[in-house]
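This report is written for a reader new to the structure shown below. Please keep the sequence and the model at hand while reading.

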Amino acid sequence: MKADIQVYENLFGMSKTAADWIAHSVECTLNARGQYLIALSGGSTPLELYQLFSEDPYTSDIDWTRIVFFWSDERCVSSESPDSNYHQAMMTFIEQLPVPLGHIHRVLGERGAQAAALAYEETLLRYADSGQSIPVFDLVLLGLGEDGHTASIFPGSPLATFENKLAVGTQMIAETPSERVTMTPHLINAARAVIFMVSGEKKAEAVRATLKGQSDPLNWPAQRITPQSGELIWMLDSAAARAMG
Ligand code: 6PG
């Protein structure tokens, strides 16, 4: 599936478009399948989108009771930690919405990467259709680090580590908290849609190398995200798209 690359003047414009895209996708999917499976990304870029979800018209227009939340990655910290992607999303919008507790599946990061990844895989498998080994997400949200990492799949992390797994423990060398749990390309590429949201000048080189550079998925891990049949959308603000030529 060829990537649909969209460039916006600024982060707000990009976040508003993402919010409208998701609201429409939820409506269509609930009519067809009755449940919407979404994986949220962490980091700072999706915060404006999450803020929008805590406001009208999204609070009232979206049927939050039938949305199931996962995270595309997580830091191995407690659920109360400000470094927790789960905590960030709960505080910014989810806890203000009628989302059933049983529809919120966080990574149990406090258990440590290996144990948390195993527990997360068990939960993910529960959402696979019978006889299937991979749940099909309606949407996976992802970001991009300055080094080209996405979710918690870092440059140089061996491709084999992720094969046939749904979630694995990884380590971020440069930053603390370093222990992470991430969804794998194997799982992400089965999704019906994947949206990258990338903002800021600092990301321009990683964006160029990932989308326009040589094929080098080991060192540019976002190149590993190529949905089999699902949509692939890259939402960039003009600063992040600066080196795309
Ligand atoms: C995380 C993220 C990570 C993030 C990128 C971009 O847990 O940190 O999921 O993959 O998307 O690091 O982060 P920013 O949006 O903060 O630049």
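## The largest pocket

How many nonpolar, polar and charged residues are there in the lining of the largest pocket? The lining has six nonpolar, eleven polar and six charged residues. In this division Ala, Val, Leu, Ile, Met, Phe, Trp, Tyr, Cys and Pro count as nonpolar, Asp, Glu, Lys and Arg as charged, and the others, Gly among them, as polar.

The space in this pocket comes to about 410 Å³. The pocket is lined by 23 residues, of which Gly42, Gly43, Arg75, Leu144 and His149 are the closest to its centre. A pocket is found on a 1 Å grid over the protein atoms alone, as an open set of points with protein on both sides within 12 Å along at least five of seven lines; a cavity is a set of points where a 1.4 Å probe fits but cannot get out, and lining residues have an atom within 4 Å of a point. Grid points are joined across faces, edges and corners, and a volume is the space filled by probe spheres set on the points.

## Basis of the model

The model is predicted: local features need pLDDT of at least 70, side-chain atom pairs count only at pLDDT 80 or more, and totals for chains, interfaces and linings use all residues. Residues are numbered from 1 along each chain as its sequence is written, and side-chain values use heavy atoms, with hydrogens and water left out.

## The six-stranded sheet

An open sheet with parallel pairing is formed by six strands in the order E1-E9-E8-E5-E2-E3. At its edges are strand E1 (4-8) and strand E3 (67-71), each of which pairs on one side only. Neighbouring strands are turned by 20° against each other on average, direction ignored. Strands (E, at least two residues) and helices (H or I, at least four residues) are DSSP runs numbered from the N terminus, and two strands pair if DSSP finds at least two bridges between them.

Strand E2 (residues 36-40) is joined to strand E5 (residues 139-142) by two bridges, and these strands run parallel. Here Ile38 has Leu139 of E5 opposite. The pairing of E2 with E3 is also in the parallel sense, over five bridges, and Ala39 stands opposite Phe70 in E3. Five of the five residues of E3 are buried, that is, under 20% relative accessible area, with exposed meaning over 50% and partly exposed in between (1.4 Å probe, protein chains only). From E3, Ile67, Phe69 and Trp71 point one way, while Val68 and Phe70 point the other way.

## Helices against the sheet

Helix H1 (residues 11-33) lies across E1, E2, E3, E5, strand E8 (193-198) and strand E9 (231-237), and runs at about 155° to E9. Such angles run from 0 to 180 degrees between N-to-C directions, with axes fitted to C-alpha atoms, for helices over the stretch in contact. Contact means heavy atoms within 4.5 Å.

In helix H7 (residues 204-212), the buried residues include Ala204, Ala206, Val207, Ala209 and Thr210. E8 and E9 are among the elements that cover the buried residues of H7.

## The cavity

One cavity of 30 Å³ or more is found in the whole structure. The largest cavity holds about 40 Å³ of space. Its lining consists of Ile22, Val26, Tyr36, Ile38, Leu40, Phe53, Trp64, Ile67 and Phe69. H1, E2 and E3 each give two or more residues to this lining, and E2 gives the most, with three. By class, the lining has nine nonpolar, no polar and no charged residues.

## The three-stranded sheet

Three strands form an open sheet in the order E4-E7-E6, with antiparallel pairing. Strand E4 (73-75) and E6 are at the edges with a single partner strand each, so one side of each has no neighbour in the sheet. From one strand to the next, the twist averages 20°.

E6 is joined to strand E7 (residues 179-183) by five bridges, and the two run antiparallel. Gly169 has Val181 as its bridge partner in E7.

## Backbone details

A cis peptide bond, with omega of about 5°, joins Asp56 and Pro57. Pro57 is in the loop between helix H2 (47-53) and helix H3 (58-61).

Ala151 is not a glycine, yet has a positive phi of about 45°. Ala151 lies in the loop between E5 and strand E6 (167-171) and counts as buried, at 10% relative accessibility. Asn164, found in the loop between E5 and E6, has a positive phi of about 55°. At 65% relative accessibility, Asn164 counts as exposed.
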